[in-house]
Amino acid sequence: MAKDYYGILGVSREADDAELKRAYRKLARELHPDVNPDAETQARFQDVKNAYEVLTDPQKRRIVDLGGDPLETRGGGGGGAGGFSAAGFGGLGDIMDAFFGAAGATGGRGPRSRVQPGEDALIRIDLTLEECSTGVARDLTVDTAVLCEKCHGGGAEPGTRTETCDTCDGRGEIQNVQRSFIGQVVTARACPVCRGTGEIIPSPCSQCGGDGRVRSRRTVTVQVPAGVGDGMRIRMANQGEVGPGGGPAGDLYIEVSEERHEYFTRDGVDLHCHVSLPMTAAALGTTLPQRTLEGEEELTIEAGTQPNTTLTLRGRGMPRLRSTGRTDGRGDLLVHLDVQVPDRLDTRQTELLRELAELRGEERPDLAHRNGLFGRRRSGGRTR
């Protein structure tokens, strides 16, 4: 019966390389023979090591997902529970590898896999305020590494295969022994011929040159949810760079750059705008057509409206973006009223204003400042 490699690591079947690595490091820290030397723990540690090896290899993981066991051909998992081969884990240095990754260039523990996870990619898109409000679908041209269709990531020309590196005998590293006053000092470095993989490709694929991937320009469609804002990123899983050797692709991130609006100013989910209002309209009251993201609606100005008054239109702002990508309600639109005092008056207008001042007892400037036409009420906000 095939082993449950996902269950051994305690991850879901959809786990990506980062999740696998976190789970592996946690278990390696708990189960390593240098920490727990009993036979039962060593056996479980070997299972964890094998599970990580299988699930980080795309070809072996495909076999697992199809219900098979890719290690059955290796005699039940590549070694017993009591001993660890040179290609396995044999000392305290291996637990350091579990924390910091395989030290291929500084003396790792055996050859590293040619199959490596790919890098993430980033694209920036410009959106208007209206597009951020409603959401939009965009077709984007992406130039990334994709799986080589000719060798399917293997790197070798079809009909050929990789061979064991003669320089390092498949170990992936070369050891040098030097004598010093403290005895023999053994140092190791990655094999310069196979670059630490332990294998060479005598006949590299003519399409990818043995890398298992090629550069390609493709089109992807991103669904931008309503409510996004400047600097936010949208993640598209497995749409980034394919890794060396045809490894699993990284993620593609779409970063939003919101264009400045000519009328509205955004503050989170709220919108702000300024409306100029004649002095007479503020005193007498009126109605104005007010622009919103959904169109125009009527804005009522009450008689005696003071300068710097703010009117709040509930639910006329931006959608609230939840962590799930769905929207939950909307912000507000805050209309700031700028009352305009005329700087030029003709003779008739001057006479009328003086007559009004006399009727209101506001001829003297000190009284007008305290009890004038716009001094009887405090400015404030109203909500609709």
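Glycine 315 is partly exposed, with a relative accessible area of 30%. The model described here is a predicted one. Glycine 315 sits in the loop that joins strand E14 (310-313) to strand E15 (319-321). Neighbours within four places in sequence aside, glycine 315 is in contact with Arg330, Gly331 and Asp332. From glycine 315 to valine 269 the C-alpha to C-alpha distance is 9.7 Å, while the two are 46 residues apart in sequence.

The largest nonpolar core holds 34 residues, and Leu252, Ile254 and Val335 have the most contacts inside it. This core lies between domain 2 (113-144 + 213-260) and domain 3 (264-340), because both domains give residues to it. Val335 touches Cys273, Val275, Gln290, Leu299, Thr309, Thr310, Leu311 and Leu313, when residues up to four places away in sequence are not counted. A second, separate core has 18 residues, among them Ala15, Val54, Val64 and Leu71.

Two helices, H3 and H4, are in contact. The axes of H3 and H4 come within 6 Å and cross at roughly 105°, so H3 is roughly perpendicular to H4. The table lists the residues that each helix brings to the contact.

| Helix | Range | Residues in the contact |
|---|---|---|
| H3 | residues 39-55 | Glu53, Val54 and Leu55 |
| H4 | residues 58-65 | Lys60, Arg61 and Val64 |

By type, the residues of this contact divide into three nonpolar, three charged and no polar. Val54 of H3 and Val64 of H4 take part in the contact, and the second core includes Val54 and Val64.

Note on methods: Residues numbered from 1 in each chain as written. Predicted model: local features only at pLDDT ≥ 70, side-chain atom pairs only at ≥ 80, totals over all residues. Heavy atoms only, no water. Core = buried A, V, L, I, M, F, W, Y, C linked by side-chain atoms within 4.5 Å. Buried < 20%, exposed > 50% of the residue type's maximum accessible area, 1.4 Å probe, protein only. Domains from an automatic or database assignment. Contact = heavy atoms within 4.5 Å. Axes fitted to C-alpha atoms, helices over the stretch in contact; angles between N-to-C directions. Helix = DSSP H or I, 4+ residues; strand = E, 2+ residues; numbered from the N terminus. Parallel < 35°, antiparallel > 145°, perpendicular 65-115°, else oblique. Nonpolar A, V, L, I, M, F, W, Y, C, P; charged D, E, K, R; others polar.
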